[in-house]
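Good morning, and thank you for coming. I would like to take you through one structure, beginning with a single residue and moving on to the ligands and their surroundings.

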Amino acid sequence: MKINQRLFDHYGIDTNKDLKIKNLCPRPKDTILIDKQGSCYACECQSWLPQSIGNLQIKSLQEIIGSDMHRHLQSSITDGTYRYCNEHQCSYIKSDAVLHGQPDRIQHLRLAIDDSCNLRCPSCRKGMVFHKEGSAYNLGIRLADRINDWLHSYEHPIQVHIGSDGDPFASHVYRHFMEQTPERHNIKYSILTNGLMFKEFHGKVPYVINNLQELGVSIDGASKETYEKLRLGGKWEKILEGLECMAEQKQKHGFRFILHFVVQKDNYHEMEDIIHLGKRYGADRVWLNKMEDWNVFDNFDQMNIFSPEHPLHNDYQSRLEQVKSYLGFEKDPIVEVPTLNSDR
Ligand code: SF4
Ligand code: SF4
């Protein structure tokens, strides 16, 4: 068993560090993330804990869970060093809010097995990615089937998260997964979508919708102009229709309904408007998060309003103070700003 040192070097992770964290992060015990190559990770984000614990193309999930590498990564949490964790990116470490708990079985399955999307947002990708046939599609379908096989026999409560890489309703791989997923009461779902195809497709995956615990919608604009600039390929009128349909479904099924707004140079002036939009459509929460540098932009410094050197930084700060007033004074605050509060 050997860790892939080059990977850790790539992310600038010092594997000899000792963060001396007292809380025991539950993720390496309760979470498996599966990427589009079938590699499995013991964390909610691949770049936070980049060592694979096994590949689903070669091994079954039964073999991967509890493997030597899996247990080795778990021991880096229990000894408090967190030496394999990416302290530059993990939101919990960055906000000094590492969770605490050591569940004895997997409770979250995070699928990142297809990056197909109907949009091409500038913060995410440089061009269209869509697999309807060919090797990426075939592999995605094989992975989806292997995951469903495992779910068929898993007895314990588990939440399956769909859509951290592409759009669950646009992707033919995720649609296949959702159509074939077993009808079992121990399985709940959470979906992150751009929301544009929800109205059209939610009726085709009734079991997932009936057992949906959380529906997140990424919507980085609160006006037609900003939305269509940042969600390239999306139409404002269509997302409003989608939000209306989601609000109706929420009434019917009772899932948590969350809007995600990635704050950046072109939309920070709409932070308050997105909160009002969330209220209008009955959202339980509106999450405002800082745009991170995913190496998609050639000119991230020009976009980085979070840096005190940026000419728009002061304006951003004063608008953020305004938004924060919703946190403290509203009777029913729905806004969360976890990473906007962090200086790192
Ligand atoms: S501390 Fe962060 S990076 Fe480490 S296992 Fe937990 S969530 Fe993952
Ligand atoms: S909707 Fe989400 S997955 Fe699709 S391109 Fe935009 S950010 Fe990426």
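Is Ser-223 buried, partly exposed or exposed? Ser-223 counts as partly exposed, because its relative accessibility is 21%. For these words, buried means under 20% relative accessible area, exposed means over 50%, and partly exposed lies in between, with a 1.4 Å probe and protein chains only.

Before going further, let me state the basis of the talk. This is a predicted model, in which local features need pLDDT of at least 70, side-chain atom pairs count only at pLDDT 80 or more, and totals for chains, interfaces and linings use all residues. Residues are numbered from 1 along each chain as its sequence is written, chains are lettered from A and ligands numbered from 1 in the order in which they are written, and side-chain values use heavy atoms, with hydrogens and water left out.

To return to Ser-223, its place is the loop between strand 7 (212-218) and helix 10 (224-230). Helices (H or I, at least four residues) and strands (E, at least two) are DSSP runs, numbered from the N terminus. The side chain of Ser-223 makes a polar contact of 3.2 Å with the side chain of Thr-226. A polar contact is a pair of N or O atoms within 3.5 Å; within protein, one must be able to donate a hydrogen and the other to accept it, and residues adjacent in sequence count only if both atoms are side-chain atoms. Setting aside residues up to four places away in sequence, Ser-223 touches Trp-236 and Glu-270, where contact means heavy atoms within 4.5 Å. Between the C-alpha atoms of Ser-223 and Gly-80, which are 143 residues apart along the chain, the separation is 45 Å.

I turn now to the ligands.

Around ligand 2 we find Cys-117, Leu-119, Cys-121, Cys-124, Arg-125, Asp-165, Asn-194 and Arg-231. This shell has 4 nonpolar, 1 polar and 3 charged residues.

One residue of the first shell deserves a further look. Tyr-82 lies in the loop between helix 4 (68-78) and helix 5. Tyr-82 counts as buried because its relative accessibility is 1%, and it has a positive phi of about 55° although it is not a glycine. Asp-96 also has a positive phi, of about 50°, and is not a glycine. Asp-96 sits in the loop between helix 5 and strand 4 (108-112) and counts as exposed because its relative accessibility is 66%.

What lies 7.6 Å from Tyr-82, C-alpha to C-alpha, and 65 residues from it in sequence? The residue is Lys-17, found in the loop between helix 1 (5-10) and helix 2. Lys-17 is buried, because its relative accessible area is 10%. The side chain of Lys-17 reaches the backbone oxygen of Tyr-82 at 3.5 Å, and a polar atom of that side chain lies 2.8 Å from the backbone oxygen of Arg-83. Apart from neighbours within four places in sequence, the contacts of Lys-17 include Thr-81, Cys-85 and Glu-87.

Next, helix 7 and a residue that touches it. The buried residues of helix 7 (residues 172-180) are Val-173, Tyr-174, Arg-175, His-176, Phe-177 and Met-178. They pack against strand 4, helix 6 (135-153), strand 5 (158-162), strand 6 (187-193), helix 8 (198-201) and helix 9 (206-210). At the N-terminal end, Ser-171 caps helix 7, with a side-chain oxygen 3.1 Å from the backbone nitrogen of Val-173. His-131, in the loop between strand 4 and helix 6, touches several residues, including His-172. The side chains of His-131 and Asp-115 are joined by a polar contact of 3.0 Å.

Finally, Asp-298 lies in the loop between strand 9 (285-290) and helix 13 (300-303). Asp-298 counts as exposed because its relative accessibility is 75%.

Terms used. Near = heavy atom within 4 Å. Nonpolar A, V, L, I, M, F, W, Y, C, P; charged D, E, K, R; others polar.
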